[in-house]
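Let's take a walk through this model together.

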Amino acid sequence: MAENSAPEAAPAKKGKLKLIILITVGLILAIALSVAGTLWFLGGGLPGMGDDTETEEEVAGETFSPTVYLEIEKALVTTVQGEGRQRYAQAYVALGATDPQALTAAKLHLPLIRSQLVMVLGSSGFIELQTPEGRQGLAETMLATVNEVLEQEGEPGVNQVLFRNFVVQ
C-alpha cells in the first residue's frame, strides 16, 4: 500500500502563494485608498482629478499695471501761521496713478492743481505740519483736492500724492 504523497504536498504550497499574493495586493490597495482619502479630506483633491477654477483667460485678465508718476517740477511755497509768526512751508510734490490718462489730464490742468495745492498748504498750521501725522493728513487732503479738480474737468482721478521734499521753517 504504497501511496504517493507528493501530489498532496504541491497543492498546499500553491495555496500559500495565492494567500501571500492576495494579502500583498489587499495591503497595497488599503494604503492607496488611505492616501487618496487623506488627500481628498484635506481639500487638496486628487492630483490630476481636480477641476481647475482658473482658466487661461482669467489669468491673462489679471495683468499688473504699474503706478506711473508725474513730478511737479516747481516747489509749492507758501506762508503758514504758527506761534503768532509767519512761517514758510515748501513742498515738492509728485502725483501717482495707475491710469496714464489721469496723469495726462493732471498735466493739462496743472496750473489749476498747483493753485489749489498752494491754498491747501497755506491753510495748514505750522505745528500740524511738523508731525508725521499732520503731513500724512495734508497728503490725503491734497489727494482729495487734486481728484476734485480732475472730477470737475471730467477726467479720471489720481491714486497718490507723494512728497518728494518737505520743509517748514
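Predicted model: local features only at pLDDT ≥ 70, side-chain atom pairs only at ≥ 80, totals over all residues.

Helix 4 covers residues 110-122 and helix 6 covers residues 132-152; their axes come within 10 Å and cross at roughly 150 degrees. Those axes are lines fitted to C-alpha atoms, for helices over the stretch in contact, and the angle runs from 0 to 180 degrees between N-to-C directions. On the helix 4 side, the contact (heavy atoms within 4.5 Å) is made by Leu112, Ile113, Gln116, Leu117, Val120 and Leu121.

Residues are numbered from 1 along each chain as its sequence is written, and side-chain values use heavy atoms, with hydrogens and water left out.

Now zoom out. The protein chain has 6 helices and 4 strands, and from the N terminus they run α-α-β-β-β-α-α-α-α-β. Of its 169 residues, 22% count as buried, which means under 20% relative accessible area; exposed means over 50%, and partly exposed lies in between (1.4 Å probe, protein chains only). Among contacts with a separation of 6 or more, 67% join residues 24 or more positions apart.

Next, look at the salt bridges: side-chain nitrogens of Lys or Arg within 4 Å of a carboxyl oxygen of Asp or Glu. The count comes to 2. In one of them, arginine 164 pairs with glutamate 71, with the closest N and O atoms 3.1 Å apart. This pair links distant parts of the chain, since arginine 164 sits in strand 4 (residues 160-168) and glutamate 71 in strand 1 (residues 68-71), 93 residues apart. Arginine 164 is partly exposed at 37% relative accessibility, and glutamate 71 is partly exposed at 43%.

Arginine 87 also forms a salt bridge, with glutamate 83, and the closest N and O atoms are 3.1 Å apart. Here arginine 87 counts as buried because its relative accessibility is 14%, whereas glutamate 83, at 56%, counts as exposed. Arginine 87 also touches threonine 78, as do Tyr88, Ala89, Val118, Leu121 and Gly122, leaving out residues up to four places away in sequence. Threonine 78 belongs to strand 2 (residues 76-82) and is buried, at 15% relative accessibility.

Finally, visit the loop between helix 6 and strand 4, where you will find glycine 157. Its relative accessibility of 35% makes glycine 157 partly exposed. Beyond its neighbours within four places in sequence, glycine 157 is in contact with Ala102, Asn147 and Leu150.

Methods
Helix = DSSP H or I, 4+ residues; strand = E, 2+ residues; numbered from the N terminus.
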